[in-house]
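Welcome, and please load the model in your viewer. We will go from stop to stop, with something to select at each one.

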Amino acid sequence: MSAPAPSSIFKGTSFVVIDASSQTNDVVTVTPHDSATAARITLVPVKVGIHSTYRALTKLIPDRETLWTLPLHIDDVNDNAPVFVHDHFHAVFGFGLTVGTKALHVTALDVDEGPNAAITYSMKPHLVTHPSSRYNAFDIDPSTGDITLKEALQHGQTVYHYQVNATDGGIPQHVASALVDISILDFGVIG
């Protein structure tokens, strides 16, 4: 009986080259899809950019009786900021608006994927030197962009000016801003 031939694959052997390209001019990165894949291979970037190349190196010596399935994940790089569908949003209401009523909905879109495209909305007074508590009358839902009346309206306040921000969930985070004007009239709801 003869001795088995030595394996030609050792730890650290490069066994596959991965070329990935972006059709949207985004930077392409490749990572192991799961911990089992990460335990078997190391992905070494040769070139990272719109056209990326990675070498897969073995961490373990493969056994011929074991089939290796190596799922990979091509990561989305957070290279796009959210964009509001309008630069300026307007709403007009009367003093009869009840607490809890949705006054306005703002929308921003992000062409990235996954957490990089997850948008969180926030709002603050705009063009107001010393904002008073009356600016607490409206609030924005951080997930939906719905702006609702949170407190009863005060007579004498006719226009509320806000800046709304859309922040994505990527690293680094990107922020977009738009303006919101909510006008209050003395004679009922205008429709």
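Exposure comes up first: buried means under 20% relative accessible area, exposed over 50%, and partly exposed in between (1.4 Å probe, protein chains only). The model is predicted, so local features need pLDDT of at least 70 and side-chain atom pairs count only at pLDDT 80 or more, while totals for chains, interfaces and linings use all residues. Residues are numbered from 1 along each chain as its sequence is written, and side-chain values use heavy atoms, leaving out hydrogens and water.

Stop 1: Select Lys-102, which is partly exposed, with a relative accessible area of 48%. (The criterion is a side-chain nitrogen of Lys or Arg within 4 Å of a carboxyl oxygen of Asp or Glu.) Because Asp-146 belongs to strand β12 and Lys-102 to strand β8, the pair ties together parts 44 residues apart in sequence. Strands here are DSSP runs (E, at least two residues), numbered from the N terminus. A search of the whole structure finds one salt bridge.

**Stop 2: the largest nonpolar core.** Which residues have the most contacts inside the largest nonpolar core? Select Phe-84 and Phe-138; the core has 28 residues. Such a core is a set of buried Ala, Val, Leu, Ile, Met, Phe, Trp, Tyr and Cys residues joined through side-chain atoms within 4.5 Å. Elements giving two or more residues to this core include β7 (88-94), β10 (119-125) and β13 (159-168). β14 gives the most, with five residues. Apart from this core lies another, of eight residues, among them Ile-18, Val-30, Leu-43 and Tyr-54.

**Stop 3: a loop residue.** Move to Thr-69, in the loop between β4 (51-58) and β5. At 53% relative accessibility, Thr-69 counts as exposed. Leaving aside neighbours within four places in sequence, Thr-69 is in contact (heavy atoms within 4.5 Å) with Thr-37 and Arg-40. Draw a C-alpha to C-alpha distance from Thr-69 to Arg-40: the two are 10.0 Å apart in space and 29 residues apart in sequence.

**Stop 4: the largest pocket.** Finally, select Ser-22, Asp-26, Ile-74, Asp-75 and Asp-76, the closest to the centre of the largest pocket among its 13 lining residues. On a 1 Å grid over the protein atoms alone, a pocket is an open set of points where a 1.4 Å probe fits, with protein on both sides within 12 Å along at least five of seven lines; lining residues have an atom within 4 Å of a point. β5 supplies the largest share of the lining, three residues.

Technical notes. Helices (H or I, at least four residues) and strands (E, at least two) are DSSP runs, numbered from the N terminus.
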